[in-house]
Amino acid sequence: MKLFGREPVVVLGAVAVFLKLLAGNGVNVSETQQTLINAFLACAVAVASAVVLKNGAVYAALLQFSSAALALFVGFGLDMSTEQQAGWMAFVSAVLAVVERREVTAPVAETRLEKSSPVKASAVRGV
């Protein structure tokens, strides 16, 4: 499944960043609206991750749901600095990496650049 030639997770992530930048730079939205937008987009990316991804879907979905929860807590009254928020998200990411990501699958080359290598070409020609 692709949207605009990209995975839905990438598209939703880009839309989320764009809307967050708009909300932070002059578009007139209330704090509650911004909180709900951030939480909704994080949940949408989490669901898309769970549906689309093959490897790491649970990790990606849980990390996005954690981001949504943090957005809701901060938006509705929890007083945390950006450094504290980043620290908590780093902690959640580290715990999930240890608990959920037991194995790593090597990426499969998809672009022409990734599929070719000057080193391989030299070895094939016998240079």
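Entry 1. I started at Leu62, which lies in helix α3, residues 57-75. The model is predicted. I looked up the accessibility of Leu62 and got 38% relative accessibility. Buried means under 20% and exposed over 50%, so Leu62 counts as partly exposed. I then took the C-alpha separation between Leu62 and Val92, which is 9.1 Å, with the two residues 30 apart along the chain.

Entry 2. I checked the length of α3. At 1.5 Å a residue, its 19 residues should span 27 Å, and the end C-alpha atoms are 27 Å apart, so the two values agree. After α3 comes Gly77, and I noted its positive phi, near 125°.

Entry 3. Which residues of α3 are buried? I listed Ala57, Tyr59, Ala60, Ala61, Leu63, Ala68, Leu70 and Ala71. I also looked up what covers these buried residues, and the cover includes α2 and α4.

Entry 4. I moved to the second largest pocket, with a volume of about 220 Å³. I found its lining to be Lys20, Gln34, Asn38, Ala42, Ser67, Leu70, Ala71, Thr82, Gln85, Ala86 and Met89. The elements that give two or more residues to this lining are α2 (31-52), α3 and α4 (82-99). I noted that the largest share, 4 residues, comes from α4. Sorted by class, the lining has 5 nonpolar, 5 polar and 1 charged residues.

Entry 5. I compared the two lists. Leu70 and Ala71 are among the buried residues of α3, and Leu70 and Ala71 also line the second largest pocket.

Key
Residues numbered from 1 in each chain as written. Predicted model: local features only at pLDDT ≥ 70, side-chain atom pairs only at ≥ 80, totals over all residues. Heavy atoms only, no water. Buried < 20%, exposed > 50% of the residue type's maximum accessible area, 1.4 Å probe, protein only. 1 Å grid on protein atoms, 1.4 Å probe; cavity = no way out; pocket = protein on both sides within 12 Å on 5 of 7 lines; lining within 4 Å. Points joined across faces, edges and corners; volume = space filled by probe spheres on them. Nonpolar A, V, L, I, M, F, W, Y, C, P; charged D, E, K, R; others polar. Expected span 1.5 Å × (residues − 1). Contact = heavy atoms within 4.5 Å.
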